[in-house]
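Subject: Structure handover

Hello,

Here is the structure I promised to pass on. Please open it alongside this note. My findings follow below.

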Amino acid sequence: MITYSDTSSTILTCLNAEIDDVTDVLIAKNKVVVINENGILKTNLLIWDRKTNIIKAPDEVTIIREKHLMRGYNMVTKLDMNKIELEKVSARGTIDKNTKF
């Protein structure tokens, strides 16, 4: 198991990883989990451009935030997971009555 932790309290774990020192890209494979204050992300393949802090997951991803669960494909987000782009999304959770759209 490989574990990475940074100063922003983001933790990445996976079974296998490759780092390209020339492009500064990390490829995490097999049971990839990213945990930070914005939730938990699970997938089997994650590509992290460490220069831009953009992470991509072309396969299925599961994202857990509080009582909400989202699944989708082709995820793109920054490492902090503030704004997440997904395709073929399904979600389950509760909406607070005070939530504004």
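This is a predicted model: local features need pLDDT of at least 70, side-chain atom pairs count only at pLDDT 80 or more; totals for chains, interfaces and linings use all residues.

Strand 8 covers residues 68-78 and pairs with strand 6 in the antiparallel sense, over four bridges. Strand 7 also runs antiparallel to strand 8, and five bridges join the two. Within that pairing, Thr62 has Arg71 of strand 8 as its bridge partner. Strand 9, residues 84-92, is another antiparallel partner of strand 8, with six bridges. There, Tyr73 has Glu87 in strand 9 as its bridge partner.

Now the turns. Strand 7 and strand 8 form a hairpin with two residues between the strands. Glu66 takes a positive phi there, near 50°. The hairpin of strand 8 and strand 9 has five residues between its strands. Met81 sits in that turn, and its phi is positive too, at about 60°.

Asn36 belongs to strand 4, which spans residues 25-36. Is Asn36 buried or exposed? Asn36 is buried, because its relative accessible area is 11% and the cut-off for buried is under 20%. Beyond four places in sequence, Asn36 touches Ser9, Thr10, Leu79, Asp80 and Met81. Two backbone oxygens deserve a look. The one of Leu79 lies 3.0 Å from a polar atom of the Asn36 side chain. The one of Asp80 lies 3.3 Å from a polar atom of that side chain.

Last, Pro58. Where does Pro58 lie? Pro58 is in the loop between strand 6 (54-57) and strand 7 (61-65). Pro58 counts as partly exposed, because its relative accessible area of 35% falls between the 20% and 50% cut-offs. Apart from neighbours within four places in sequence, Pro58 is in contact with Leu45, Tyr73 and Asn74. Take Leu45: Pro58 and Leu45 are 13 residues apart in sequence, and their C-alpha atoms are 7.1 Å apart in space.

When you go through the model, I would start with the Asn36 side chain and the backbone oxygens of Leu79 and Asp80. Then turn to Pro58 and its contacts, Leu45, Tyr73 and Asn74.

Best wishes

Terms used:
Residues are numbered from 1 along each chain as its sequence is written. Side-chain values use heavy atoms; hydrogens and water are left out. Buried means under 20% relative accessible area, exposed over 50%, partly exposed in between (1.4 Å probe, protein chains only). A polar contact is a pair of N or O atoms within 3.5 Å; within protein, one must be able to donate a hydrogen and the other to accept it, and residues adjacent in sequence count only if both atoms are side-chain atoms. Contact means heavy atoms within 4.5 Å. Two strands pair if DSSP finds at least two bridges between them.
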